[in-house]
Amino acid sequence: MKNKFIFPLIIVTTILLCVIIYASKDFIKSRFDNFIVDYVISQAYSKDSVDERIKSLEKIAKKYPKSADIFISLGDSYLFDKKDNENAIKAYKTSIELGAQSIVAYGNLGRIYARNNDMKEAVKYFEKGFEIDKSNYLNNSCLLMTYGRLGDMKKLINFGKLAEHSLQYDIQFYNMYIEALMAIWHYKNAEDASKLFIEDAQQICEKDEAYKTDQIRCDIDARKDIALSIIALEREDYKKAFEHLEEAKQASKHPETLYLLEAAIYMGQSNLEKAGECITRAEKYLKESDVYSYRVKIMYEIKKGNYKDAEAYIKKLNLEDLNAIYLSSQLYKRQKHYDKATDGYKQILKIVPFHLAARKNLAECYIELDKKDLAKEQLELILSYEPDEPQKIEIQKMLDSIK
């Protein structure tokens, strides 16, 4: 009896296996093709010459025209090795047409268009990149800056709030987001973002054993008060800036690192003697000067009227860096070289149009040069960013005073 069922069972099993293999043939072929494509791409990257590598990738693309990965690799080679934006765009777009859900393809397309000042096209690719990978710091930062360059403040603020919950304890993004909010004089939103960042960080500390140390808890508490102190300084609320600075000193394991911030607050109050003392104390502890320390020192020398010393510090910076350009413009303005100052401010605004401090300074230079229509244009642009009420009132007064 048993032998009666063996042969039919073998036939049924064989038929079922054939059906499964036939149904899976596309999947198996796809996996095999992917393996082959990965291998041939790695072989192309082993070429010594960039031109040889690109030729090899182009041959592979002809052989496997439906492989999105090949076109992404080809786009990378065109973009980074040949600086050939046109062919890079073609390659990345081909990969997308083939169905690639790649943050690399969308992000690099966005950056190419942003570098060419085509912000409307750039933002489309950065937004798609965000849909694919909400925790990608580089793409999120680019999208944030693009909203700023487009002057779309609602999207900038809403995107920052949306990304906050995706990124959690991502210090770099929070810093960039808060700086962007301060640049457009949305100080209340900047304060809210700082507090939310700390809440996220504290929650992570409670859940993750790796973060449950006194050092990290102190760093988190200090970072909150440092951010709030800087925001208060930017809005010229020096009393609150000092209050948060003292809180930061209490929380920080290294309060000596806060001397430069203290110096900046004293400068805001025009107390140059105290500011100088803080800078001297800071120099005893800081092994190397960074951009922020140079910025404080430069502004200190400018306020003291030591223009040669300020210029010497500026030369230590990368002169193409926006901080250096802004500080140079501030120096020219203080020296009443308004034409040179306007050139610098315009250079900054071409790259970061939402830098309202640069825009206000530019307007003030135009007033001094008796170019009142240009000054009005800048002040009206500032109001279009809907800054906080005290700043809005100040700018409106400047506008009203221009006849």
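**View 1. The left-handed crossing of helices H17 and H18.** A crossing is called left-handed if the near helix is turned anticlockwise from the far one by less than a right angle, and right-handed if clockwise. This is a predicted model, in which local features need pLDDT of at least 70 and side-chain atom pairs count only at pLDDT 80 or more, while totals for chains, interfaces and linings use all residues. Residues are numbered from 1 along each chain as its sequence is written, and side-chain values use heavy atoms, with hydrogens and water left out. Helices (H or I, at least four residues) are DSSP runs, numbered from the N terminus. H17 and H18 pack at an angle of about 165°, and their axes are 10 Å apart. Axes are lines fitted to C-alpha atoms, for helices over the stretch in contact, and angles run from 0 to 180 degrees between N-to-C directions. The two helices, H17 and H18, are therefore roughly antiparallel to each other, a term used for angles over 145 degrees. From H17, Tyr307, Ala310, Glu311 and Ile314 meet Ala324, Leu327, Ser328, Leu331 and Arg334 of H18.

**View 2. Asp321 in the loop between H17 and H18.** Asp321 counts as partly exposed because its relative accessibility is 28%; buried means under 20% relative accessible area, exposed over 50%, and partly exposed in between (1.4 Å probe, protein chains only). Between the C-alpha atoms of Asp321 and Val291, which stand 30 residues apart along the chain, the separation is 9.9 Å.

**View 3. Ser329 and Gln330 in helix H18.** Helix H18 comprises residues 322–334. Ser329 counts as buried, at 1% relative accessibility, and Gln330 is likewise buried, with a relative accessible area of 15%. Leaving aside neighbours within four places in sequence, Ser329 is in contact (heavy atoms within 4.5 Å) with Ala341, Gly344 and Tyr345.

**View 4. The packing of helices H19 and H20.** H19 (residues 338–351) and H20 pack at an angle of about 150°, with axes 9 Å apart. This angle makes H19 roughly antiparallel to H20. The crossing of H19 and H20 is left-handed. In the contact, H19 contributes Tyr338, Ala341, Thr342, Tyr345, Lys346, Ile348 and Leu349, and H20 contributes Ala358, Arg359, Asn361, Leu362, Cys365, Tyr366 and Glu368.

**View 5. Helix H20, residues 356–368.** The 13 residues of H20 should span 18 Å at 1.5 Å a residue, which agrees with its end C-alpha atoms being 18 Å apart; the expected span is 1.5 Å times one less than the number of residues. Buried residues of H20 include Leu356, Lys360, Asn361, Ala363 and Tyr366. After H20 comes Asp370, with a positive phi near 60°.

**View 6. The largest nonpolar core.** A nonpolar core is a set of buried Ala, Val, Leu, Ile, Met, Phe, Trp, Tyr and Cys residues joined through side-chain atoms within 4.5 Å. Of the 73 residues in the largest core, those touching the most other members are Tyr92, Leu156, Tyr177, Leu181, Ile184 and Leu379. The greatest contribution to this core, seven residues, comes from helix H4 (residues 68–81). Another core, of 22 residues, lies apart from it and has Ala248, Tyr259, Leu260 and Ala282 among its members.

Notes. Angles under 35 degrees count as roughly parallel, over 145 as roughly antiparallel, 65 to 115 as roughly perpendicular and the rest as oblique.
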